[in-house]
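Please consider the structure shown here. The paragraphs that follow treat a pocket and then a pair of helices.

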Amino acid sequence: MTQATLHYIADPLCGWCYAAAPLVRAARDVAGLDVVFHGGGMMAGPNAQPVTPQLRNYVMPHDHRIAALTGQPFGDAYFEGLLRDGTAVFDSAPPTAAVLAAQALAGRGLDMFAALQRAHYVEGKRIAERDVLAGIAADLGLDRDAFANAFDAQDAAALMRHFRESRAWLTRVGGSGFPTFALEIGGQIDRLEPGRYLAQPDAWRDALRERLLAAQTKASAEGDAGVLPQCGPDGCAH
């Protein structure tokens, strides 16, 4: 099987990334396909903001549309709790650091990303807070002290480097926002258009498998074309 990478450029606070969460789960089931997270820093640094009525009024229509299109759940703790909590802050940096820490610690970055999305959109938790992130890591079975050390290693400078690299990937593949998916096979990178697969993760999984199979078939054909026919040790077959 040809080895391939699905680059997933996303943000923990991006509603449409939550809409695409079933597609990420489906992609992880494809043999020979590595899914690599690139955190976009959508609401990091100067873009972080407190929860306000204006923010609530902006995100809720998108959230309702996502729920209608995909069936993704949104909890009352989010709509009537977090989005009405004027002391909460939406900041992409801490949850992204948690994803990178989980990946560095145990290869569990995508599991952390999915858990953060559920904590935010269903449970209404403040995923920009260290104690909340530590609790989510513990729920994933990660050692608290080890996670804390890995989290602290993702300091401001390290996060800014990661965000710059992710934005460079976004430009490289011709993406315009989050989420962006790009499939890399044999050094060739193609940006994918997953919109028509929302709420159809099985079809998305099948499409990815077909792309990998086609690449494998092409690689085998090209390899065979360069092989000199030979006679066997006991003679030639005609």
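What volume does the largest pocket have? The largest pocket has a volume of about 340 Å³; a pocket is an open set of points on a 1 Å grid over the protein atoms alone, where a 1.4 Å probe fits, with protein on both sides within 12 Å along at least five of seven lines, and the volume is the space filled by probe spheres set on the points. Of its 17 lining residues, Leu-13, Gly-15, Met-42, Tyr-58 and Val-59 are the closest to the centre; a lining residue has an atom within 4 Å of a point. This is a predicted model, in which local features need pLDDT of at least 70 and side-chain atom pairs pLDDT 80 or more, while totals for linings use all residues. Residues are numbered from 1 along each chain, and side-chain values use heavy atoms.

Helix 1 (15–19), helix 3 (53–70) and helix 6 (109–121) each supply at least two lining residues, helices being DSSP runs (H or I) of at least four residues. Helix 3 gives the largest share, six residues. By class, the lining holds twelve nonpolar residues, four polar and one charged.

Elsewhere, the axes of helix 5 (residues 93–106) and helix 8 (residues 144–153) come within 8 Å and cross at roughly 120 degrees. The contact has ten nonpolar, no polar and no charged residues.

Conventions
Nonpolar A, V, L, I, M, F, W, Y, C, P; charged D, E, K, R; others polar. Axes fitted to C-alpha atoms, helices over the stretch in contact; angles between N-to-C directions.
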